[in-house]
Amino acid sequence: MPALVLLGAQWGDEGKGKATDLLGGSVDYVVRYQGGNNAGHTVVVGDQKYALHLLPSGILSPGCTPVIGNGVVVDPQVLLSELSGLNERGVDTSKLLVSGNAHLITPYHETLDKVTERFLGKRKIGTTGRGIGPSYADKINRVGIRVQDLFDESILLQKVEAALDFKNQVLAKLYNRRAIVAEQVVEELLGYADQIKGYVADTTLILNNAIDENKVVLFEGGQGTLLDVDHGTYPFVTSSNPTAGGACTGSGVGPTKISRVIGILKAYTTRVGAGPFPTELFDEDGEALRTIGGEFGVTTGRNRRCGWFDAVIARYATRVNGLTDFFLTKLDVLTGWERIPVCVAYEIDGRRVEELPYNQSDFHHAKPVYEYLPGWTEDITKAKTFDDLPPNAKAYVKALEDMSGAPISAIGVGPGRDETIEVNSFL
Ligand code: GDP
Ligand code: IMO
Ligand code: MG
């Protein structure tokens, strides 16, 4: 069982950080394979709370080697400040490995992210403003700057100049902004080089060797399935592939090496930013989910949009990721509702639809078809086994499992490491 993927099954913020941290004590490597510091992964260890953006959650487990894979976009300033923040709290970060092939987020990517959003006006995506999209766009356009470029000053300048050639025209002529000076960007980037150099490694080779030696490697996704640039609610998506295939391209480990794919699934649904969301609530139930669930963004502090569980999305996540298991999180948040609506299908222009429509307009028109499951009032935060749960909570979990297409192997009943019911072992 050497390699597993752990990813978001909805629109992000499902509790990936907690789930990764829980397994971190038993695995040798935790690898981020896509995204960047748009992620906000919360880990609660005892009375300590950590918010990780770029670093893999495995960094909090002393025996584990954290890896930033080639598919990640790295803001060097964020990397160094996150490392020093953890060091100040006594966390040893010396084992970190960073792929030399990962692309950088530079100050001009962040600028472009913000001006593009402003330019889009009411059609904006609601990005995190961290430069994620522009950095991935440069990668695909073959004008990106990679981590390894930090260590060759003349190459770096040539590449930054090439990247800015076109962008400066756009900034000046379209956005009425001052052009960015390549030499200044290079100077800033070079200022990070020495501090980053010691972490840079051939991560693809190291991870493949580790798997051959039967070490356990865990891939930690950022964002979620419905934010995937290919399989999500395009264009209201992020610019990478959080879905399972991204773990392969974003790390250089082939699909035959991956034995298990775990979807992190919230017991209800949330979304940050713009885009369709069929079960979104605009009433006091939505407000209650936000308040009880603490649904405020870890990265941007924005209110998360909240709604009921959507089984159509869960089934879709099972399909496009080849999920072997679910980790159901935040079941405790649903305590106290007399009955809990669950979306089992959509109604689209008068038709009942059981699978996620591939057509964007259809998805925008999708109305949830609800089934109502009986709720529970007992405190479940101390439950250690499935049988400790009240009958209606058990029935809710079983119903979600039947609708979602993969076994629920763990259940979160609180944010802490130990507030988890393990149904089947992941390792
Ligand atoms: P991620 O981006 O997927 O890692 O998730 P976030 O950290 O952005 O959001 C999940 C939030 O839920 C965090 O505040 C976690 O501490 C919290 N959390 C995770 N699992 C549970 C759970 O089972 N119950 C409760 N009440 N909170 C949880
Ligand atoms: P974690 O890993 C929730 C959303 C943004 C926006 C869209 C594009 O914590 O689950 P981007 O800055 O990536 O170009 O923004 O994606 N988004 C997230 N939503 N959780 C995240 O990460 C997210 N990362 C990006 O809100 O709608
Ligand atoms: Mg998050």
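This is a predicted model: local features need pLDDT of at least 70, side-chain atom pairs count only at pLDDT 80 or more; totals for chains, interfaces and linings use all residues.
Local features require pLDDT of at least 70 and side-chain atom pairs pLDDT 80 or more, while side-chain values use heavy atoms, with hydrogens and water left out. Residues are numbered from 1 along each chain as its sequence is written, and ligands are numbered from 1 in the order in which they are written.

**View 1. Surroundings of Asp13.** Asp13 lies in the loop between strand S1 (3-8) and helix H1 (16-24) (DSSP runs of at least two residues for strands and at least four for helices). Its relative accessibility is 21%, so Asp13 counts as partly exposed (buried is under 20%, exposed over 50%, partly exposed in between; 1.4 Å probe, protein chains only). Beyond neighbours within four places in sequence, Asp13 is in contact (heavy atoms within 4.5 Å) with Gly40, Lys266, Thr270, Val272 and Arg304.

**View 2. Surroundings of Gly40.** Gly40 occupies the loop between strand S2 (29-32) and strand S3 (41-45). Gly40 counts as buried because its relative accessibility is 11%. Leaving out residues up to four places away in sequence, Gly40 touches Asp13, Leu52, His53, Val298 and Thr299.

**View 3. Polar backbone atoms around ligand 1.** An oxygen atom of ligand 1 is 2.8 Å from a polar backbone atom of Gly15. For Glu14, the corresponding distance is 3.1 Å.

Technical notes: A polar contact is a pair of N or O atoms within 3.5 Å; within protein, one must be able to donate a hydrogen and the other to accept it, and residues adjacent in sequence count only if both atoms are side-chain atoms.
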